[in-house]
Amino acid sequence: MLFATTILSSVAAGFVAQLVDGSLGMGFGTITMTFLLGLGIAPVVASASVNVATIATGAASAVAHHRLENVHWPTTLKLGIPGAVGGFAGAWALASLTRLDAATPVTSAILIALGVVIVWRFMQGQGAGHGPIRSGFAIPTGLVGGFLAAVGGGGWGPVTMPITLTTSRLEPHRVVGSVSTAQVFASTAAVLGFWMAVPDTLTVLWPVVVGMAVGGMAAAPLAAWLTRKIPTAKLGSTIGMLVVALNLRTLLATFSVPWPVVTGLYLALAAVWALVLVAPKRRATREAAAQPAPLEAEA
């Protein structure tokens, strides 16, 4: 009974995680890693298991996003290939070292700031840029994102999404599709790195992995479709708020902030998010009201 409950919980966790990740470009690793660590699983085993599941869910997500024309392949490759290098290196680092979190507060603070910038841009109607698509930041972004995804199980989306959305001039739905597709490269390399680093002692929890993969693959087409349907301003603003929320969680955990304070901060964040969602509509209403009334045609 306990085994069946764990499997069903894994399917549910994978479905929810991929629904968030596939539509907003981040969240699968963070949600599933939290789920596995909550079961008392060791970090190396949990991270390896998450990355194995991500290969399956990422592949299904890539197919769905490609069919809906959400993928900008040059950006995907410039993120994915360095992401594979970073993922492989991160797997070896996690298997070999005991402390890799010294830079976590600084990284989280920077990403929170990027999330705030993204929210502000889309609230002001300055989302996707104009002009040629830029990918100069893609290579270092993929490298860092892949490393953090292997070390922490989650980290690819919270790093690659805000930077790519801020610098590439791609529309939000194409950033989501490109980042989600590139993650397959990073996760595959991370799994390879884990198996090469600790071939005799590494254990992957296959029943849980299969459960998360099945749930994630079921959610992938729906998530990709949602990315196309959510209005650009609301999609971009929500991505920015999710970046803030995920990295705020990491930052607060680093400093052992008491749970009442954490709860209060997240309630405040939820209230701000609600205001952010209605801001584009209010701005559009004001702009429409400011337009001069059309002159009636003379009889």
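User: How many helices and strands does the protein have?
Analyst: The secondary structure comes to 11 helices and 0 strands. Helices (H or I, at least four residues) and strands (E, at least two) are DSSP runs, numbered from the N terminus. This is a predicted model, in which local features need pLDDT of at least 70 and side-chain atom pairs count only at pLDDT 80 or more, while totals for chains, interfaces and linings use all residues. Residues are numbered from 1 along each chain as its sequence is written, and side-chain values use heavy atoms, with hydrogens and water left out.

User: What share of the residues is buried?
Analyst: Buried residues make up 47% of the 299 residues. Buried means under 20% relative accessible area, exposed over 50%, and partly exposed in between (1.4 Å probe, protein chains only).

User: And what share of the contacts joins residues 24 or more positions apart?
Analyst: Such pairs account for 82% of the contacts with a separation of 6 or more. Contact means heavy atoms within 4.5 Å.

User: Which residues have the most contacts inside the largest nonpolar core?
Analyst: Phe35, Leu36, Phe194 and Met212 do, in a core of 23 residues. A nonpolar core is a set of buried Ala, Val, Leu, Ile, Met, Phe, Trp, Tyr and Cys residues joined through side-chain atoms within 4.5 Å.

User: Which elements give two or more residues to this core?
Analyst: They are α1 (2-24), α2 (28-38), α3 (43-67), α4, α8 (172-197) and α9 (206-229). The largest share, 6 residues, comes from α3. Apart from this core lies another, of 21 residues, among them Ala149, Met161, Ala182 and Ala186.

User: Back to Phe35. What is it in contact with?
Analyst: Leaving aside neighbours within four places in sequence, Phe35 is in contact with Thr6, Ser9, Ser10, Ala13, Val208 and Met212.

User: Now Ser61 in helix α3. Buried or exposed?
Analyst: Ser61 counts as buried because its relative accessibility is 2%. Beyond the neighbours within four places in sequence, Ser61 is in contact with Gln18, Gly22, Ser180 and Ala220.

User: Where is Thr75, and what does it touch?
Analyst: Thr75 sits in helix α4 (residues 73-96). Not counting residues up to four places away in sequence, Thr75 touches Ile133, Ser135, Thr164, Leu170 and Ser178. Its relative accessibility is 2%, so Thr75 counts as buried.

User: How do α4 and α8 cross?
Analyst: Their axes come within 7 Å and cross at roughly 25°. Axes are lines fitted to C-alpha atoms, for helices over the stretch in contact, and angles run from 0 to 180 degrees between N-to-C directions. The two helices are therefore roughly parallel to each other, a term for angles under 35 degrees.

User: What residues make up the contact of α4 with α8?
Analyst: They divide into 19 nonpolar, 8 polar and no charged. Ala, Val, Leu, Ile, Met, Phe, Trp, Tyr, Cys and Pro count as nonpolar, Asp, Glu, Lys and Arg as charged, and the others, Gly among them, as polar.

Terms used
Parallel < 35°, antiparallel > 145°, perpendicular 65-115°, else oblique.
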